[in-house]
Amino acid sequence: MPEVDITSILKESRVFNPPKKFSESSHIKSFDEYEQIYKEAEIDPEAFWAKIAGELHWFKKWDKVLEWNPPFAKWFVGGELNISYNCIDRHLTTWRKNKAAIIWEGEPGDSRTLTYQDLHREVSKFANVLKSIGVNKGDRVAIYMPMIPELPIAMLGCARIGAIHSVVFGGFSAEALKDRVYDAQAKVIITADGGFRKGEVVPLKEKVDEAADKSPSVEKVIAVKRTGNQVQMKDGRDYWWHDLMKDASDKCEAIPLDSEHPLFILYTSGTTGKPKGVVHTTGGYLTGVYITTKWVFDLKDEDTYWCTADIGWVTGHSYILYGPLANGATSLMYEGGPMYPQPDRFWEIVDRYKVNIFYTAPTAIRALTKHGEQWPLKHDLSSLRLLGTVGEPINPEAWIWYHKLIGKERCPIVDTWWQTETGMILITPLPGAIPTKPGSATRPFPGIIADVVSREGKSEAPNKGGYLVIKKPWPAMLRTIYGDDERYKKQYWEEIKGVYFTGDGARRDEDGYFWIMGRVDDVMNVAGHRLSTMEIESALVSHFTVAEAAVVGRPDEIKGQAVVAFVTLELGNNPTDELKKELKEHVSKEIGPIAKPDDIRFTEALPKTRSGKIMRRLLRDIAYGREKMGDTTTLEDYSVLAKLMEDKE
Ligand code: WT7
């Protein structure tokens, strides 16, 4: 971890108050109400979380709210519950029985709606299928599927019988899948023949074959027929989903599970190459995602809620599936890409299903802004009442575009900060209560004690950058790294003594608002100043010609690090030397001469992971002039990188 302090230089002074009408009907109605709840939760966090957990269904109530043997937490000790029961069964005795739980749209335009009753039948049948092929409580099941309804059915089926699911994003390679299957020692892989993405078939089963052949732990493979492409079925190992489901009984009770029974493992990348299996358990996780979904998205029974993430990421786990269904909500799920067949697919879906709450990533917003205003303007977006973002800091320019073109200056925007490890949203506006500032995730959720500290763990003064930490355990926190308690301890609890280290840099302003500056390893040291790459990027993107920018550091004899900016232009702009000069001056003007890029490289696209994160590591390799690239297995499109290497100066 870097030793120097972090200089925060982002200037943003606009404040947007929650619209009065919105506040009046929201769950948390005013800033005062938020502060009061926050204070009460701060004084007695256990009472706060216990009250929320009490809104869920428990087969057996807990004896103790929290057992904290730092850094190992147990929540709702002695309690027994089942997440599948909480997300489905408990709604069946209410009017929600025939309410749409999942509205699904496939990329080709096919669609399906599953009511809570439908979901109960499918999940029960699938849970019986799992049992029939020998899956027991505690066994690990890998899921490698497209965004089709069978994916949440498979997850809830596992949860129903206490099997631990590990969803591997369908965009990962066979090699990446194999590593994850190996680490979790998964007994079964659930997949599909293929999935649709950008008009093409992604051959999932083929990759599963490659991975399964090299994975001794895998006994069975179940495949959904989705695309109809030719696949190999290995005798005695591979089964079609529809064959197994045909005769399965639809009676399968959800079994009571210990509150600390693992619900899932989800792999995320760390500072080393080896993926980390983040472990989440049952009672605390459900409590956290249940209440954040309700308050952050101000979720009401009438809402059609859409989170555009892939379920292969934690966002999909917590805020497409478990959080919304625990609230008895209607969750929309879309299989394909935002630009297919045209850059208005999102807005077309919002219009057709009259979506009320829309949650997406800044990278998607920036990509969409690049295509121009005509696409959102083609559709009626008046059903929207709340917008959200997650995954990275949103640059104020994109925020304003989102606010004006999508929210029509009517919808609050919740910029939600959290991580795979945190399980639930931790820093976020509550939309009816907390005024927003573009680019800030605002305040911690009640029950969350967040701080910005120095390397020694001392709180920093307002507006001084430092390390973002969480000072008290929270119910949806990760419990460990699968099979590696030591790594868990070291990585999260020993970097800064006694607190959870997020790996992010941040500052807190005079109003107590958090401004996240990105991962500390994406922070540069330029002439003694630590600069967040994101802040320079934000300045670049605020120039009218720039669509997207990524900034990395290159070693520099005089300044320590030089700023190298990779820039993609809005359509219709020419990558000239004059423009380079102009952009450098623009950054200098926006932030100050210290942040002025030393080098600007125009590129048609930036290398990204399949989840849309810019791979700065690879850009750094290019900026350093290295011939050999680091690990490129998580890269979405290799040709982008190849082109950048060709163009190198
Ligand atoms: C990292 C976690 C949480 C689901 C998706 C990403 C960055 C996330 C924000 C935000 C600024 C954000 C942080 C964090 N991040 N949300 N609203 N503002 N940064 O999960 O892959 O575990 O990544 O994403 O750097 O540490 P993840």
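**Close-up 1. Threonine 416 and the ligand in the predicted model.** A backbone N or O atom of threonine 416 lies 2.7 Å from a nitrogen atom of the ligand; such a polar contact is a pair of N or O atoms within 3.5 Å, and within protein one atom must be able to donate a hydrogen and the other to accept it, while residues adjacent in sequence count only if both atoms are side-chain atoms. A polar side-chain atom of threonine 420 is placed 2.7 Å from an oxygen atom of the ligand. For lysine 613, an N or O atom in the side chain is 3.4 Å from a ligand oxygen atom. Of the 550 Å² of accessible area that the ligand has on its own, the protein covers 88% (Shrake-Rupley method, 1.4 Å probe; for residues, only the protein chains shown count as cover). This is a predicted model, in which local features need pLDDT of at least 70 and side-chain atom pairs count only at pLDDT 80 or more, whereas totals for chains, interfaces and linings use all residues. Residues are numbered from 1 along each chain as its sequence is written, and side-chain values use heavy atoms, with hydrogens and water left out.

Close-up 2. Asparagine 82 is located in the loop between strand 3 (80-81) and helix 4; helices (H or I, at least four residues) and strands (E, at least two) are DSSP runs, numbered from the N terminus. With a relative accessible area of 0%, asparagine 82 is buried (buried means under 20%, exposed over 50%, partly exposed in between; 1.4 Å probe, protein chains only). A polar atom of the asparagine 82 side chain lies 2.8 Å from the backbone nitrogen of serine 84. The side chain of asparagine 82 also reaches the backbone oxygen of arginine 160 at 3.1 Å.

Close-up 3. The bond from proline 70 to proline 71 is cis, with omega near 0°. Proline 71 belongs to the loop between strand 1 (64-69) and strand 2 (72-77).

Close-up 4. From tyrosine 340 to proline 341 the peptide bond is cis, with omega near -5°. Proline 341 is found in the loop between strand 17 (330-334) and helix 12 (345-353).

**Close-up 5. Lysine 354 in its loop.** Although lysine 354 is not a glycine, its phi is positive, at about 55°. The loop that holds lysine 354 runs between helix 12 and strand 18 (357-360). Lysine 354 counts as partly exposed because its relative accessibility is 39%.
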